[in-house]
Amino acid sequence: MTTKSFGQRVQRTEDERFLRGRGQYTDDLLPDALHVAVLRSPHAHARIGDIEVDAVLDVEGVVAVYTYEDLEGAMAEPLPLLIPHPALTHGRTQYALARDEVNYVGEAVAMVVATDRYVAEDAAARITVVYETLPVVVGIDAARDASRLVHDDVPGNVAARMEQSTGDAAAAIAKAPHRLELELDIERSACMPLEGRATAARWDTDTSRLTVWTSTQTSTGVRAAVASKLGLDLVQVDVITPDVGGGFGVKVVHPWPEEVLVPMAARLLGRPVKFTEDRREHFISSAHERAQHHHVEVGFDDDGRVEGLSVQFWHDNGAYTPYGLIVPIITSTQLLGPYKPPVYSVVFESLYTNTVIVTPYRGAGRPQGVFAMERTMDAIAAYLGKDRAAVRAVNFIQPDEFPYDQGLIFQDGKPLIYDSGDFPQSLDKIKALVGWDDFERVRDEARAEGRTVGIGLACYVEGTGVGPYEGGHVQVETTGKVKVSTGLTTQGQGHQTAFAQIVADELGVRFEDVEVVTGDTRRMPYAVGTYASRAAVMSGSAIALTARAVKAKALKLAADALEVAEDDLEVADGVVSVKGAPSSNVSLGTLAVLSNPLRYAFDEASKSATQFSVGDPDAVPVPEGESPGLESRDYFSPPRSTFASGMHAVVVETDPETAEISILRYCVVHDCGRLINPLIVEGQIHGGVAQGVGGALYERMAYDEHGQLQNASFMDFLMPYVSEVPREIEVDHLETPSPLNPLGIKGAGEAGVIPSAALFASAIEDAEGFAITRMPISPSELYALRLEHATTEGADR
């Protein structure tokens, strides 16, 4: 029998190619292409008076220069607002090249196409732009003050205001035995993929077809955008996503200006053109996330059980809103985590600032929500003098309450209904893993050595597997090899391995005989994209359904060939055989030949499928409802999202003199339903934890009052090295299968990063003995808080 692959720790098949330097990224393609450089605004807010390009046109090697005045038709219109929402009453998007006004440092103003990047960069620097600077809005406080406006036609800088509630939270809080209020802040940060944004394009004048290669998380989305902007039929555009050096959400935005400008130039010039983002461009002209301020009011009883919860928060969306309200909607709904407050009210305002746009970054609004909720749980525990884990436990949704309806609308427009989980068991597991109940002994031992340690706990629920759909195509070649394709893209998640494991089990073939292709619109023209921890749930399910259809077709063909009933057959190692009589068999490769009735023979194998060799002469060669080939295509569309969950615990040490924060232990309990490949899931968790450490302790985007990013390089923007990431991340799994898809799985891609800010705040607060309400936190900030706490304590004496 074929060895079962699903659930096994199979090594990733793609790694050898990457480790040997055989990856192929967008910048590796079209070596003879013309190169693009983009002139970007040096001002955060300014009117454009005049752009002088004449001196640039005479530079040797310059092929073309484009400004807004050169854009025509749909290209001259604003870029699309991808996800409209009724609450987004004042949505704004930028132009591919700025028209009249720029609203953040880094906004594209002009594009130069030249024979190489060096010439293009030098030429772009020679373009003269006359700017009239305007008042600048930086940060949530300035946006709320609204004495200065980012967009003249947006009152109060408010792009949107949205409210959801499950009842009268204010009344419930007022009636509760105890009440607390908290002010909480998460600062702005951003992802730093190894590969920045990149796009290459080639126009075929003979066939009038455009081929685009782009480092994206949604090849079909880019295809639709390019076709729309350039006035092409969809079938004239092919978008291929080669290897991608990390996405983390920034590459789900589409189209970036360059993703339409580069194809436009390739078509106009009749030559291949490419753009590759440099690191400074990624800092100032891609996307950021995280910045929010929360005001929390909570009422609770003597056991810490929440009786009413009211949250108001303000979200900094940057200068434009191309991705709609997805981030703050996720914050407002995922804030609830594994808890069930009987009454919950949330209202947020999404605000414009003269800074880089804010779109999803791994975690996508959840870290802010978890920070607010978990800080609230810790505050309740501190107020009552109770164990932090015990307070969480009394507020948990119980296993017998699933599916659990939180009474809200999630980011996909569907009800926020948790499909499965076991939060009490997860808590038991994390407490055992980290040694929660024994930590006071650990603290006492450290104190005896003159050391200060603390322990933190944070819980979360993650909506995954967001619709609307994904598809899969599975084809058995006449060689017996299996070709699999799906439309969503891959940025390092191990899709080639995990999807091959699914097909190997469903179809009964060897794992090594399965080849997977992703993100190529020529193979799968209908797809959505890779985001929201959805790939395994969506494409995995679609591929499983497709493989089952191919297997059913193979069994029917084999039953005819072997003259037995389908129920008497089994498939293993790519061979269909009669149960109990394995010598009576036929390979899937042979069935692939027989599945395609031929008039012509091209080789020895195909002879057996020609008209005088096979089939009943009185029968229709391809019966109604069937198709040639041992292949199938199917799609999976879920009724709503699945919900993964987890709990993290960390033990930290804070230096009494320098206030440096060291990680002593890091533990994770994670539930993403059935595990396709535990090795890949743990890799995703490890990567997420590393990013979470960065977001909690190091990484922030520091703007000055003029809207200039002060740390737009790796010299100044701090990321954790291997020395700052936990040496060992202790992981335990819980599997509560989802009833919403054929594999019982949930997503896992963002789990590692979601609770980090809340987790480290909890541990540092436990070590130091005073409240942590703002993240990330640096040693200098912790030192300042120590002085402030000491001053306050002294004044109270």
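A residue counts as buried when its relative accessible area is under 20%. By that cut-off, Phe396 and Phe423 are both buried. The model is predicted.

**Aromatic pairs**

- The count of aromatic pairs comes to 13.
- One of them joins Phe396 and Phe423 in a tilted arrangement, with 6.1 Å from centre to centre and 50° between the planes.
- Phe396 sits in the loop between helix H11 (388–395) and strand E16 (404–409), while Phe423 belongs to helix H12 (residues 423–434), so this pair ties together parts that are 27 residues apart in sequence.
- Phe410 and Phe643 make a tilted pair too, at 5.4 Å centre to centre and 50° between the planes.
- Phe410 lies in the loop between E16 and strand E17 (415–418), and Phe643 lies in strand E26 (residues 642–654), so the pair links parts that are 233 residues apart in sequence.
- Phe410 and Phe643 are both buried.

**Aromatic cluster**

- Phe396 and Phe423 also belong to one aromatic cluster, together with Tyr339 and Phe402.

**Negative surface patch**

- Asp50, Glu52, Asp54 and Asp58 gather on the surface as a patch of negative charge.
- Glu52 is part of strand E2 (residues 46–52).
- Glu52 counts as partly exposed because its relative accessibility is 33%, and that class lies between under 20% for buried and over 50% for exposed.

Conventions. Residues numbered from 1 in each chain as written. Predicted model: local features only at pLDDT ≥ 70, side-chain atom pairs only at ≥ 80, totals over all residues. Heavy atoms only, no water. Patch = residues over 30% accessible without salt bridge, like charges linked within 9 Å, V, L, I, M, F, W, Y side chains within 5 Å. Areas by Shrake-Rupley, 256 points an atom, 1.4 Å probe, with all protein chains shown as cover. Salt bridge = Lys/Arg side-chain N within 4 Å of Asp/Glu carboxyl O. Lys, Arg positive; Asp, Glu negative; His and termini not counted. Charge placed at Lys NZ, Arg CZ, Asp CG, Glu CD. Helix = DSSP H or I, 4+ residues; strand = E, 2+ residues; numbered from the N terminus. Buried < 20%, exposed > 50% of the residue type's maximum accessible area, 1.4 Å probe, protein only. Phe/Tyr/Trp six-rings, centres within 6.5 Å; stacked < 30°, edge-to-face > 60°.
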